[in-house]
Amino acid sequence: MSETVANNGHKKLQEVQMVGIVKRFPGVLANDHVDFDVHAGEIHALLGENGAGKSTLMRQLYGLYRPDEGKILINGQERLFYSPEDAIEAGIGMIHQHFMLVPSLTVTENVALGLKSTRLFALDLDKVERRIVDLSEQYGLKIDPKAYIWQLAVGEQQRVEIVKALYRGADLLILDEPTAVLTPQEVEDLFKTLHQMAQVGHTLIFISHKLYEVLSISSRITVLRDGRVVGSRPTEGATRASLAQMMVGRPIIQQYDRPAVVAGEMCLDIQDIYTKSDRGGDALKGVSLSVHAGEILGLAGVSGNGQRELAECLGGLRPVRQGKVILNGKDVTRASPRERIAAGQSYIPEERMREGAIKEFSVADNFVLEDHGKSPYARGIFLNLNAIRSQARSVIDAYNVKTPSLDTPLKNLSGGNIQKLILARELSRHPKVLVASQPTRGVDIGATEYIHLRLLEQRQTGTATLLISEDLDEIRALSDRIAVIYEGKIMGIVYNSETTLEQLGLMMAGVTEK
Amino acid sequence: MKPVVFRVSLLAVIATMLLAACAPAAAPATPTAAASASVFKIAVVFPSAHNDAAFSQSMYEALLTVQKDMGGPSKVEIAYSENLFNVPDAAAAIRDYASKGYNLVIAHGSQYGTSLEQIAPDFPKTAFAWGTSLDTFQEAGINNVFAYQADAEQGGYVQGVMAAMLSKSGVIGITGPVEAGDAKLYVDGFKQGVLATKPNDKVNITYTGSFSDVSLMAAAATTQIQNGADVLTGSSQSVVGAIGVCKDKNVLWFGQQWDQASLAPSIVVSSQVYDWVPTLEDMIALVQKGVLGGKGYTLTFANKGLVIQYNPSYTVPADVKSAADAATQGIIDGKITVQP
Amino acid sequence: MSDLFTLSVLMGIIVSGIRLATPYLFAAIGETFAQTSGVLNLGVEGIMLMGAFSGFYIASTTGSLWLGLLTAAVVGILMGLLMALVSVTLQAEQGISGIGLSLFGLGLSSLLFEKTIVSVVAISGFQPIRIPILGNIPYIGDALFDHSILVYAAFLLVPLSIYVLNHTPIGLKIRAVGQNPQAADSLGISVAKIRYLTVSFGGMMAGIAGASLSLALIDLFQENMTNGMGYIAVALVYFGGWNPLGVLGGSLLFSFVNAFQLWLQVKGVQIPSNIALMMPYVLTIVALAFAANRARQPTALDKPFERGES
């Protein structure tokens, strides 16, 4: 069957070897003599933390970067890829983490993009469309070729990406964190498709940092850490613990202790709020939630269902059109961010580089961004630089933020360290209410573990936490109760101990209302 | 890091290139060696190009004539900056010339007045002149500014008389830039001249809102002609667009501010020409005597500052010519008064 | 006032409107290509001036209008390439470099004019061509089918560019590069190549737009004769929602209202000339506010592309 796929003239891709790959970026050794090989019919997981060099390695295979050292062998022959065009020619396709689709074009136009047309002046879109239908039937990838990309759900867009690669005759498909944006059900569909493709002789490289996914989909696993290969082994017999240790370099906690805490008074009460989205239309359509002292309420949902807007409403960054927000008994519906801070709320925003911090400022300056007007950081109209520095130093040490100095611009820190700094800043004020939006997105496992432990510690001391996250594992690991949001509405609120992954998955897809 | 350096240096080169190209041409028209006491140095700032076939060119050519009459570049040095429609730029240029020791600095645009009032007191040994205006700022205690204007309505009137006699359709069009200043004087005078001759003729006036929008000026002329006009006139440097249309449609044109016959010899009847030479000569004489301002000049038929220049390629019928001469004489004698 | 609403006035408005719209069409359609691929070229004004000058100079010295037009097109391409070099290869801020190019064109065309032609002279430009049969239809023939070749070309450019942008492989690539250059790059389309192509095409069109003034509509060159038309052309691209048909609509609206206000003045309608002169601008802004269509706005407009950033 694969002969029909390999239609752009290259010989079927049986084997890829990357030997001694070195790739340097200014100040970073992204790949340090990496050896990697993959064979037809294999689903090969490339596992590692953020920044371990997985994507960089694959971008070299796809011709987006050129290796500084080392070579790439296709079917035993050395090849040089100067651009993705060369890689496509050799039968390689890549599904990027951020989809490479043009929203204003149709599915067919996106697939046709860059193809050599058989007609000189006109596009032969009808021919392309017929083949898309063929391919989607062959691999069970349901898509409407005439739909515009902006009309499609994320899962459908991913299918378009896969068809796009198959159309170009890809024998080898690189998938960069393909499940990050999917619901559990969509993940299941994707895995089915991938298995099907492997069976007919395709080669799949699956980039991920999620252990359970890697264990369930792959046949072989290569682990990268700090740009180096830690090991490569068959999936059979591997365990989460062993893989985690390879990834992080030390054992990590599999299951957090979550001692029972008696939920106290209601600290944050969100009553039937509505807000507009950036595109007009309502992003929130009557959301009601209440968070009690000593409780973590997890808000689960697929990206783009109103989570960001809700977080911004609570942070005071987006106006609430209708409804009320009560914070510690005080109506803060229209309060400014400063008034909310004064009322005892801390806010960890989703876009930490845009809302939570100023990346050109130093570590110390970012630390006093909110409290610069208060004692001990200010004396009259002047900043008390000594007090700022000593306080920042002690918190940075306490929260294990790795920074060369207090004067280092924030942008030079890793994502995990920036997030720890923001967390340190927010938690050092001992908030009564904590709104944390995607607190560990883009953060490595080590830092994630650290942040999780800190959040649980806050819970012990009686903080009411609203945890907004698209990572269902994180929600499951930390929450007492879980609310699921879908298209701006709460689909249901369940106790973590009493729910199943399937039930949550259905709610996330908007199927049942409980 | 190397590509960045390359980029920055290349950008710098291009930026320099751009700046060099767009800097207003501030070239002395006549290169002279070191300034000596015997050289009279004149600088002028123009809002449009020095060769705009209109207001600026009238002053530029007058300066050249004065230079020649006074003994050439060794006696009179002339420098100019042009296309300074932007007043702050012009003010900078005026200040620059004054500080470089020019004897007479001319700000050739009524929009420059306010700037000049601020600059002149800082250079009490320099003579300034500006127009069109009659305000020498003496009331404000400033004694080193001359002012000049043209009674543009006088020539407008005379050409209006001719236009009325030459028009067969009885519809006459005027295309002006903005409804103010020199242009408005001319337009109003022209209209009076037509109506004094043929009270039933129609005079239609359009303004384009710009001194330099050639395209809209051409469209205005086209519109006038479609509306039945067979004689047109207009003011500002953008009338070259209108003259082109008239040439194509074989419609008569009267020029203003500069002799426009060369643009379309077949259809230009005459032009009102400003002759600034007597004004300039008088100013220079005063400056050399140590009088640096305080006098206002007005170009009129009487003082020969205004001249009707006939196009040699176009034969004006005798009766029309004599009517024009009569009107000119009437204005000089004061028998005809043209409302400004 | 009453004789304002007559057939001949209407035809007069159409004739003037079509002529006025011609340079805008050339420049704005060219700019549509550049912007659709993600490059905001504010240098149109300067390119138009250089096109107007160079076309006029060559036509008046060689006597060949076609050679003049060709020169204007080539000069336009060269200036477009300069813009592409600065904004695509060197990734300079597009707005600033465009304004720089405009000032460059203004300065250089004025300088060359003073050094070569010296003072304003007229030439005999492209003459109106009456289209057989269609040109003989009463009124309509005069209004629509008796124009110079460049006027027809400007209007033919509209359907042609719609076809190219929407129904050809290159059009698809142009749209993709403007909407999601990363995606285009990942499919092996050279973002830089496409942007060089569109910006130099835009330059060529701007050069021809300038030549349409100096060789067909006004038949002379004067310093700064475009008087801000290039900037209006850029605005018309936004107005038209990056759709050639919308650009056509915007150009015609602006030009017809301009022609109309001239008739208002000629007919002696009692409104101050300043108010009449504001009409095209006010109406264009009002139409823009009501008909805003951002759907085709290139997401990557004004953003330089660098591989590996996502």
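Helices (H or I, at least four residues) and strands (E, at least two) are DSSP runs, numbered from the N terminus, and two strands pair if DSSP finds at least two bridges between them. This is a predicted model: local features need pLDDT of at least 70, side-chain atom pairs count only at pLDDT 80 or more, and totals for chains, interfaces and linings use all residues. Residues are numbered from 1 along each chain as its sequence is written, chains are lettered from A and ligands numbered from 1 in the order written, and side-chain values use heavy atoms, without hydrogens and water.

In chain A, six strands make an open sheet with mixed pairing, in the order β6-β7-β8-β3-β9-β10. Its edge strands, β6 (92–95) and β10 (228–234) of chain A, each pair on one side only.

Across from Ala45(A) is Phe206(A) in β8(A).

Now the charges. A salt bridge here is a side-chain nitrogen of Lys or Arg within 4 Å of a carboxyl oxygen of Asp or Glu. One of the salt bridges joins Glu42(A) to Arg220(A), at 2.6 Å, N to O. Glu42(A) is in the loop between β2 (28–39) and β3 of chain A, and Arg220(A) is in strand β9 of chain A, 178 residues apart. Both Glu42(A) and Arg220(A) are buried, meaning under 20% relative accessible area, where exposed is over 50% and partly exposed in between (1.4 Å probe, protein chains only).
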